[in-house]
Amino acid sequence: MKSRSIAARTRRHALLCVLAATAIGLPGLAGAQAYPSKPIKMIIPAAPGGGTDVMGRTLARVMSEKNGIPVVVENRPGASGSIGVQAVINAPADGYTILMTLADATTIYPLLKKTPPYKVDRDLTPIAQVAFTHVLYAVSAASPYKSVQDLVAQSKSSKMAYGSNGFATTSHLWIELFKQKTGADMLHVPYKGAAPALQGLLSGEHSLVVASPATLKVQMDAGRVRPIAATSPKRLPAFPDVPTMVESGYADFVVGAWFGIFAPAKMSPAIADKLHDMIVTAMATPEYQKHAESFKFDTPQMPRADFAKLIAADAAVWRAAIEAAKIEPED
């Protein structure tokens, strides 16, 4: 009898040891099972009202509705978005602080610094791509240019300028890539935003802009702007008469802008996967799809690992554009 009692206690002790070892070995899994259990903060490193803010708030609202946990948006603009990025980097990697941003803040800004304040692959966990847009190169409808070839030929025989949303912005770098690929010779006129740059095009201050279809659509519908090329691999369904850069004779010229969700580095893979699944579920809703369509955004869904690869490939493109623009990293 005594030996059976000892044997029973031994078995119970062994079982407790196994359970304890399991709990210690799988803390991320245990945390993921309880996640989320409190509000999630979504930091947007831009001012309220812009495209990133509007898309982020739509995603936050749908995520809240689908999961029964509030997703609260906090705008943290400033220093090219780096203030908001740094706030997420410094937050606990528990899934309750996330970042909604473009490549400008996460990828381009560090490339413009001699000593990068952060690196995506070291300081952040890529979670999901939530929207994507190709861009259009466009001229004034009053101009004589009907194609990329027309514009490039004229730029080589007379002085010509292009307008951007500002120095070292994506619009600046996209046209520097255009110049690099086509051999166009154009001066840079930086403006303080997309609207002033577009107005400069219409008033004849310069000859070329690059922007998302959503940005250009009103002026295109009014007949004031003529797109001469899209950066998509195939013609955009919304603009079937606009040739691609590839069709225009520039192979592999396919670029665009992604919107993505990030979390702090060293997040538990189990929690990161659950957060990814929550986002993908929200993206599939009619409300989110309708909102993305209103901006002419695509909503591709991809595994976390593929999003990380996209970011790395994107960084190489921006690095080449910065070098082409002869932009020197600063302190």
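**Salt bridges and their labels**

Guide: Arg 57 and Asp 53 both sit in helix 3 (residues 51–67), four residues apart, about one turn of the helix; helices here are DSSP runs of H or I, at least four residues, numbered from the N terminus. This is a predicted model, where local features need pLDDT of at least 70, side-chain atom pairs count only at pLDDT 80 or more, and totals for chains, interfaces and linings use all residues. Residues are numbered from 1 along each chain as its sequence is written, and side-chain values use heavy atoms, leaving out hydrogens and water.

Visitor: Why is the contact of Arg 57 and Asp 53 called a salt bridge?
Guide: The term asks for a side-chain nitrogen of Lys or Arg within 4 Å of a carboxyl oxygen of Asp or Glu. Arg 57 and Asp 53 have N to O at 2.9 Å, so the pair qualifies.

Visitor: What makes Asp 53 buried?
Guide: Buried means under 20% relative accessible area, exposed over 50%, partly exposed in between (1.4 Å probe, protein chains only). Asp 53 has 4%, so the label is buried. Arg 57 has 34%, so that one is partly exposed.

Visitor: And how do you know that Glu 176 forms a salt bridge with Lys 179?
Guide: Their closest N and O atoms are 3.4 Å apart, so they meet the rule. Both lie in helix 8 (residues 170–182), three residues apart. Glu 176 is at 7%, so it counts as buried.

Visitor: How many salt bridges does the rule give?
Guide: Eleven salt bridges.

Definitions and conventions: Helix = DSSP H or I, 4+ residues; strand = E, 2+ residues; numbered from the N terminus.
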